[in-house]
Amino acid sequence: MQEFTELHARVSNEQSLDMAQAGLDAVHDLLLWRLDARTVVPAKDVFILTKSFKKLGTITLMGTKPPDIEFQFGLANPAAANTVVVEEESSNNPDVFETETEATTKYTTDHYLYGLDAVSQINAWYNYGVLETSASVLAKTTLMNTHLPATLCRKKFVLLGCTSELGPARSLLLIPGVTVLGVARGGKRLDDLLDFVRYNAPDDTTFLYPKSEDYYPNGGADLLIQGPAIAQWVLDQTKEDDEIVLVPLAYSADGEEHVRLVASMDLILQRVLRQRPSTILWSYTSPLTCMVVPPTAATMALQRRNHRPQYEQWANTLTMGKWLEPSLTPDPNNHDYIVLNAALSAQGPNYVLAQTIKQWRCMLTQYREHQHVSAPFCPPTRTASMIVHDKIANCLEGMHHFEPMLAFGSAPASTLMAAIFIAHLQLLNRQVPDLDESPFSMFWDGAVHGGIWTCPYTLESISVINYALGKTTYYPKGYVPPGALPPPRAEGEDSAEEEASKKPIDPNVLLTLCDSQEGKPMPDSVRERLDFL
């Protein structure tokens, strides 16, 4: 896979896009659709005739809380991970593509950060090295914006796999005036999301979801077996001039099924993007694959490797390079990009293929269709689909031993990525990336890589060590290093938000504003009004 990625990045930009198009065409050709017991046709042909399928019904649900006129976007506090109850429960819920075991962290409003406190947490993550400068700026833009409802009220968010832990469903549903169209299989997780809407969402926030009389009469639809009907349902619920934000989220722990699921979602995306040209694509890019990253990542990784203990180099030599393999080495002949192999053998080749398919769709949508795309890297996260596997779960728990790597909790990662994506939506007038740049650079804007980019060693070469360290009980599950948190406040000290609100207003501010920038006196009526204030 690394050789393919190196070739993909090395060719010209047009050739790279041609490779992406050829890859998607091959995937669409291989995916077959069974119409009946005797008829099997290519799925790409079926998605063209979406109107011929039985239409899905629609259920509309509104919140019950009064809208918050002073709404602020909240960031889940990572420091609360060790104090929040974690519940594990078995479920045969058909909605869970990921696994039959769910691990949920019960966050409440007391576990969220707002305003300057949230900004302090972003600064801590940035200084620790788990996110890029662009991600820090974008997240702060959302966290300090007091006009989000006015910005997002005209958009329709379509979430394919709306019950995803990493997805933005709950964050969006708290924003007054937002409309969310959610698609997921019927079951406990969808029921939990519906309860969240009923008891937590404002009464002007709307959640629409499909129902299928044949499969889920109480609500829900299957992305694998009802893809064409779902694509048509999205088109029926939207108009051509609507501001649509399309978010593919569904995931399956079954590798082969995951590829089919992503291929089915891609055909839905293709159908909707072609019928609704103003649609914005919002996609999550996994860092646990073979990536094209900025060349500065290699420089940072080399600097960190030079400061690691000497015995780690001996361990690399004694294991013949199997353990503690250097991740990146600066290439003096390439100042545009560098390839990092962060794939884990435990996840298998199907996972890498599925993530590559998603990247191909983003590149073609951005550079060939000229539609807006937001697809930054998201951090390694302790979602239910990850921690159900003992090896991966313990690897995530041991990652913090190799600074700056950090595994995020699902709630902090979800709210952080939602903040970054929402800021992207507010900045759509930014210049589209130049075609002279590598198409892979689109994934760098707003990237939260969890320290993988600048880790001195490859993930695969430290997976055994991470597993062993994660199995120990010295650190609690979900441990967050102090360096990745803002400095603790002294007892009785006000929060940053409260401290700022107590600062006296400078009486000279109004006098300064009274003077025109061009040196001309202001009208008397304006001056009198300012003096009165």
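**Entry 1: cavities**

I looked up the second largest cavity and got about 100 Å³ of space. This is a predicted model, where local features need pLDDT of at least 70, side-chain atom pairs count only at pLDDT 80 or more, and totals for chains, interfaces and linings use all residues. Residues are numbered from 1 along each chain as its sequence is written, and side-chain values use heavy atoms, with hydrogens and water left out.

I noted what a cavity is here: on a 1 Å grid over the protein atoms alone, a set of points where a 1.4 Å probe fits but cannot get out, with lining residues having an atom within 4 Å of a point. Grid points are joined across faces, edges and corners, and a volume is the space filled by probe spheres set on the points.

Which residues line the second largest cavity? I found Met 1, Phe 4, Thr 5, His 8, Thr 289, Cys 290, Met 291, Val 292, Thr 356, Gln 359, Trp 360 and Phe 440. The elements giving two or more residues to this lining are α1 (2-10), β13 (290-293) and α13. Helices (H or I, at least four residues) and strands (E, at least two) are DSSP runs, numbered from the N terminus. I sorted the lining of the second largest cavity by class and got 7 nonpolar, 5 polar and no charged residues. For the classes, Ala, Val, Leu, Ile, Met, Phe, Trp, Tyr, Cys and Pro count as nonpolar, Asp, Glu, Lys and Arg as charged, and the others, Gly among them, as polar.

I then counted 9 cavities of 30 Å³ or more in the structure. The largest cavity holds about 420 Å³ of space. It has 27 lining residues, and those closest to its centre are Leu 166, Tyr 251, Tyr 351, Thr 383 and Ser 385. Here α13 (348-367) and α14 (384-387) are the elements that give two or more residues. The lining of the largest cavity splits into 14 nonpolar, 9 polar and 4 charged residues.

**Entry 2: two helix pairs**

Two packed helices are described by the angle between their axes and the distance between the axes. My axes are lines fitted to C-alpha atoms, for helices over the stretch in contact, and angles run from 0 to 180 degrees between N-to-C directions.

I took α5 (residues 133-143) and α16 to begin with: their axes come within 7 Å and cross at roughly 85 degrees. That makes α5 roughly perpendicular (65 to 115 degrees) to α16. On the α5 side, the contact (heavy atoms within 4.5 Å) is made by Ala 135, Leu 138, Ala 139, Thr 141 and Thr 142. From α16 come Leu 416, Ala 419, Ile 420, Ile 422, Ala 423, His 424 and Gln 426. By class, I wrote down 8 nonpolar, 4 polar and no charged residues for α5 with α16.

Next came α15 (residues 390-398) and α17, which pack at about 85 degrees with axes 7 Å apart. So α15 is also roughly perpendicular to α17. Asp 390, Lys 391, Asn 394, Cys 395, Glu 397 and Gly 398 of α15 meet Ser 463, Asn 466, Tyr 467, Leu 469, Gly 470 and Lys 471 of α17. This contact has 3 nonpolar, 5 polar and 4 charged residues.

Most residues other than glycine have a negative phi, and most peptide bonds are trans. I checked for exceptions.

Leu 324 has phi near 55 degrees, a positive value, and sits in the loop between α12 (310-318) and β14 (338-341). Is Leu 324 buried or exposed? Leu 324 counts as buried (under 20% relative accessible area) because its value is 4%.

His 370 also has a positive phi, near 55 degrees, in the loop between α13 and β15 (373-374). At 62%, His 370 counts as exposed (over 50%).

The peptide bond from Glu 403 to Pro 404 is cis, with omega near 10 degrees. Pro 404 lies in the loop between α15 and β17 (408-409).

**Entry 3: two threonines**

I followed the contacts of Pro 404 to Thr 454, which also touches Gly 129, Ala 297, Met 300, Ala 301 and Arg 304, not counting residues up to four places away in sequence. Thr 454 is in the loop between α16 (410-426) and α17 (459-471) and is buried at 9%.

Beyond four places in sequence, Thr 365 is in contact with Leu 273, Leu 281, His 370, Gln 371 and Val 373. Thr 365 is buried, at 1%.

Key: Buried < 20%, exposed > 50% of the residue type's maximum accessible area, 1.4 Å probe, protein only. Parallel < 35°, antiparallel > 145°, perpendicular 65-115°, else oblique. 1 Å grid on protein atoms, 1.4 Å probe; cavity = no way out; pocket = protein on both sides within 12 Å on 5 of 7 lines; lining within 4 Å.
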